[in-house]
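User: I would like to go through this model's ring pairs, its sheet and its helix packing, with each answer ending on the value or name I ask for.
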Amino acid sequence: MTKTINVRRLPKDTGPAGWNSILPPARTHPELTEDIRADWVVVGGGFAGMAAARRLSQLVGNEHVVLLEAGRLAQGPAGRNSGFMIDLPHELNSETYAGAADADVRQIRMNRAAIDFARNMAQEFDMPRLVFDPCGKITGAASAKGEHHIESYARHLESLGERYRLLTAAEMKATTGTEFYRKGLFTPGAVMIQPAAFIRMVAEGLAERVAIYEQSPVVKMDLGDEHVLHTPQGRVRARHVILAVNGHIQSFGFYPRQLLHVFTYASMTRALSADEVTRLGGTPDWGLLPADPMGTTVRRVSSLMGSGDRVTVRNRFTLNQSMEISERQLRNVVRAHDRSFAARFPMLEGVPMEHRWGGRLCLSWNSVPAFGEQEDRVYSAACQNGLGTVKGTLSGMMAAELAVGQRSDLLNEFINCDEPRRLPPEPFLSVGANLTMRWKEWLAGIEL
């Protein structure tokens, strides 16, 4: 008996994918315009989809793997990510970490497995260091409250036996070029990636083993002994399907009223001139997370493939259960970004922002993934809870292993979690969540 799923909506992204926009034009992959057969279909070409396709290519020998991307690779959320692959827990505003140590140890182990998987791809596909840079990350504090968060986090890392180094204001300036930060904390295990270049190069590396189609959104699925996935111009028949579509898993009818669709916003400068690079000072490539999670994330990158030296700031969050934001919402964050940039980099006064964008996150109320077999031979690798680079990679890996029947300690740990919790009804959910985020942004103070 066949079950038909009509996909309710397709991804819509507002503003450019900044990290993709600064790179030279990418190799294009064809649109699906015919009926084909495959053994495996991966839907989604972000971090989860690429990891699932990569892991399948390792596990299923000569079986035919197809990957369908709704738009262009690295134009969606993957090209809008800030590029932090973080191994450690980093919620610094917890009042207490009591009882969290065991869960943190498990999550660290899984995060590092995902980073190792990405590192192996970076090595095999010959990625330059500026695409995959194991340089660690900085957490920066600009206030006494931020310093308290850092000190609390340092104690937690000590209890876990994890390495870190506290940074003075002078050391923060030596790295970032700015006197804005009073204190910092460096952890060595994080990797900074150029997210769009990473996705592009993984696709290039997989192209000999995985058939990749762009501009080929799935609009309908007929599920049966052989699943049929319909795109606007073609169809794929396959026994097995992995849906690596993050929040859009709901568009396929799964996890109704269980997922939160949060957007965050970023602005990127034009390429800095040689004089501006000199005025800025500091080191050429670094990533900084705020001591308050509602504060401003900052990245500085040097030129890759002619992209130029640039600074990116990211802050502001909104809950949009429609999974879309408007141009007006994007314009509303402009002044906040410009204030945050000016406060940190007065020496770059007059440097304009060239790219501004919004990016989709998917979270669950209880911070668990939307993962597992949803229908016979249809698997979900979705809901990354805001850490798409690492948790998306992990989810894709695990979905591939689950689908082929390969059990492992890592998979057992990953699937040993609750279902995403049911959400409060609207309009209480959206009104309450957005008011709460505005209140927390106000509390963040100078860290924003």
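User: How many aromatic pairs does the count come to by the rule?

Analyst: This is a predicted model, in which local features need pLDDT of at least 70 and side-chain atom pairs count only at pLDDT 80 or more, while totals for chains, interfaces and linings use all residues. Residues are numbered from 1 along each chain as its sequence is written, and side-chain values use heavy atoms, with hydrogens and water left out. Rings of Phe, Tyr and Trp (its six-membered ring) pair if their centres lie within 6.5 Å. By this rule the count comes to six aromatic pairs.

User: Which residues form one aromatic cluster?

Analyst: Helix 2 spans residues 47-59 and helix 6 spans residues 195-206, helices being DSSP runs of H or I with at least four residues and strands runs of E with at least two, numbered from the N terminus. Phe 47 in helix 2 and Phe 198 in helix 6 are among the residues through which these helices meet, where contact means heavy atoms within 4.5 Å. One aromatic cluster is formed by Phe 47, Phe 132 and Phe 198.

User: Which are the edge strands of the open sheet of eight strands?

Analyst: The open sheet has mixed pairing and the strand order 7-8-6-15-16-17-14-18, two strands being paired if DSSP finds at least two bridges between them. Each edge strand pairs on one side only, and these are strand 7 (165-167) and strand 18 (353-364).

User: In which sense do strand 15 and strand 16 pair, parallel or antiparallel?

Analyst: Strands of a sheet pair through backbone hydrogen bonds, in either of these two senses. Leu 288 stands opposite Val 298 in strand 16. Strand 15 (residues 286-290) and strand 16 (residues 297-301) are joined over three bridges, and the sense is antiparallel.

User: Why does helix 2 count as roughly parallel to helix 6?

Analyst: The axes of these helices are 11 Å apart, axes being lines fitted to C-alpha atoms over the stretch in contact, with angles from 0 to 180 degrees between N-to-C directions. Angles under 35 degrees count as roughly parallel, over 145 as roughly antiparallel, 65 to 115 as roughly perpendicular and the rest as oblique. Helix 2 is therefore roughly parallel to helix 6, since the two pack at an angle of about 25°.

User: In which crossing does helix 2 pass helix 10, left-handed or right-handed?

Analyst: The axes of helix 2 and helix 10 (residues 388-404) come within 7 Å and cross at roughly 35°. A crossing is left-handed if the near helix is turned anticlockwise from the far one by less than a right angle, and right-handed if clockwise. Whereas helix 2 passes helix 6 in a left-handed crossing, its crossing with helix 10 is right-handed.

Conventions. Phe/Tyr/Trp six-rings, centres within 6.5 Å; stacked < 30°, edge-to-face > 60°.
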